[in-house]
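Dear colleague,

I am passing on the structure below, together with a short account of what was found in it. Please look through the model first and then read the notes that follow.

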Amino acid sequence: GGGGKAGGGGDKNLKSKSPAEFFQDNKGIAGFENAGKSLYTTLREFIENSLDSAEGIGVLPEVDIAVEEVTLSQYENLIGLKTHVRV
């Protein structure tokens, strides 16, 4: 045997968190502690996932990446926030 009982008993001081809450509180573990590292981590994940998928189906991957800096206003327009009225 392994230790704790299923469904319960455990340490009363432990708090259950969703994965989103955990990573929000521990951004450094996921590689999101600052804007530069966040960009690097996001691009690395996209590339690794693309390469893994291509390998999985036996296709030679072709990955093109373009990174462009945009203003907040440009970003909001790109994601459609400018077309919606905020109340």
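**Notes on the model**

S38 is buried, with a relative accessible area of 18%, where buried means under 20% relative accessible area, exposed means over 50%, and partly exposed lies in between (1.4 Å probe, protein chains only). S38 sits in helix α3, which covers residues 35-56, and, leaving aside its neighbours within four places in sequence, it is in contact with G31 and F32, contact being heavy atoms within 4.5 Å.

This is a predicted model, in which local features need pLDDT of at least 70 and side-chain atom pairs count only at pLDDT 80 or more, while totals for chains, interfaces and linings use all residues. Residues are numbered from 1 along each chain as its sequence is written, and side-chain values use heavy atoms, with hydrogens and water left out.

As for the overall make-up, the protein chain has four helices and zero strands, giving the pattern α-α-α-α along the sequence; helices (H or I, at least four residues) and strands (E, at least two) are DSSP runs, numbered from the N terminus. Of the 87 residues of the chain, 7% count as buried. The chain exposes about 7,900 Å², of which carbon and sulfur atoms supply 56%, with accessible areas coming from the Shrake-Rupley method with a 1.4 Å probe and, for residues, only the protein chains shown counting as cover.

The count of salt bridges comes to four, a salt bridge being a side-chain nitrogen of Lys or Arg within 4 Å of a carboxyl oxygen of Asp or Glu. One of them joins K17 to D25, with the closest N and O atoms 2.4 Å apart; K17 is partly exposed at 37% relative accessible area, and D25 is partly exposed at 47%. Another links the side chains of K37 and E33 at 3.6 Å, N to O.

In helix α3, E48 and R44 are four residues apart and therefore separated by about one helical turn. Salt bridges that share partners join R44, E45 and E48 into one network, and within it the closest N and O atoms of E48 and R44 are 3.6 Å apart.

Finally, V70, L72, Y75, L78, I79 and L81 form a nonpolar patch on the surface, with about 590 Å² of accessible area together; patches are made of residues with over 30% relative accessible area and no salt bridge, like charges being joined within 9 Å and nonpolar side chains (Val, Leu, Ile, Met, Phe, Trp, Tyr) within 5 Å. Y75 is found in helix α4, residues 72-78, and is partly exposed, with a relative accessible area of 43%.
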